[in-house]
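Below is a short report on one protein chain.

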Amino acid sequence: MKISKDAQSTEKIQQLADYIDKSNSTVAVTGAGISLAGGGITYRQLSKTIRPGGLGSDSFLRSYVKVMHNYKPTFSHYALRDLESEGKLIGIITTNEDCMHTIAGSKNVAEIQGGFQINRCSKCGRHYDGYEIWEHEELPKCEICGGSILPWELYSHISLWDDGVQKAQEWISKADLILIIGTNGYYSSVYWSYRRKDAIIVPVSYTQLLANETDSNIIIRHLR
């Protein structure tokens with residue numbers, strides 16, 4: 001008997017829901033795909049179009065912030081928020097810098113590369129934390145020295161944010177279910193090796209995820 005695509009999709013969604021219901025500690029790992037679906041853009045995509053100045057220049061930041069103003073959290077951001085509020089999700093580990101998980105209402109977010117709510121003056125290093133400073137059309141400037149304010153990822157030349165990494169290590173060490181959403185990679189040397197070896201790993205809405213992973217507990221390759 002041939003099963004329709006709609007029936008297959010419904011079955012997979014129900015299977016995912018069953019795993020979440022049975023889990024005692026679920027963690028979500030998210031990447032650019034979760035925001036691109038809502039009109040977002042990556043640094044890499046935008047840096048190819050910004051000349052002169054390039055990555056980290058005022059022209060780059062102005063263009064990126066303009067894009068941020070024109071997109072909102074997606075259904076997936078809100079779904080993860082709801083799982084957290086229901087006590088079914090202990091945290092979100094993300095490489096995204098757009099703060100969309102926080103804007104959607106999630107409380108436990110480990111931004112391992114920092115984001116637009118972790119900001120520093122490019123000249124004096126003064127802290128300006130909180131994504132609200134990017135809600136205006138004009139780029140924020142340091143009130144002490146007048147320097148450009150940069151989100152951590154650009155200020156640190158795309159290095160890791162220690163607080164986010166520590167949270168990621170703690171949460172994934174407790175998780176018996178790991179949802180991989182909108183990403184085709186992870187920082188294995190940073191937090192992935194801390195995961196429980198019996199954890200169920202479920203890639204959601206992305207193809208060819210975890211291609212090099214050989215653990216027998218990967219039970220679903222693609223959920224569409």
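## Confidence

The chain has an average pLDDT of 80, and 77% of the residues score at least 70. pLDDT is the predictor's confidence in each residue, on a scale from 0 to 100. This is a predicted model: local features need pLDDT of at least 70, side-chain atom pairs count only at pLDDT 80 or more, and totals for chains, interfaces and linings use all residues. Residues are numbered from 1 along each chain as its sequence is written, and side-chain values use heavy atoms, with hydrogens and water left out.

Helices (H or I, at least four residues) and strands (E, at least two) are DSSP runs, numbered from the N terminus. Residues 206-224 stay under 50 in pLDDT, yet the model gives them 53 contacts (heavy atoms within 4.5 Å) beyond four places in sequence. Where pLDDT is low, the predicted coordinates should not be read in detail.

## The sheet

Five strands form an open sheet in the order β3-β2-β1-β6-β7, with parallel pairing. Two strands pair if DSSP finds at least two bridges between them. The edges are β3 (109-111) and β7 (200-204). Each has a single partner strand, so one side of each lacks a neighbour in the sheet. From one strand to the next, the twist averages 20°.

Strand β1 (residues 26-30) pairs with β6 (residues 177-181) over five bridges. There, A28 stands opposite L179. β1 also pairs with β2, over four bridges, and V29 has I93 as its bridge partner. β2 and β3 share three bridges, with I93 opposite A110.

## Cover on the sheet

Both faces of β2 are covered.

Axes are lines fitted to C-alpha atoms, for helices over the stretch in contact, and angles run from 0 to 180 degrees between N-to-C directions.

## Cysteines

How many disulfides are there? The count is zero, where a disulfide is a pair of cysteine sulfur atoms within 2.5 Å. The closest cysteine sulfur to that of C124 is in C121, 3.7 Å away, so the two are too far apart for a bond. C142 is in no disulfide either; its nearest cysteine sulfur, that of C124, is 3.7 Å away.

C124 is partly exposed, at 42% relative accessibility. C142 is buried, at 5%.

How values were computed
Buried means under 20% relative accessible area, exposed over 50%, partly exposed in between (1.4 Å probe, protein chains only).
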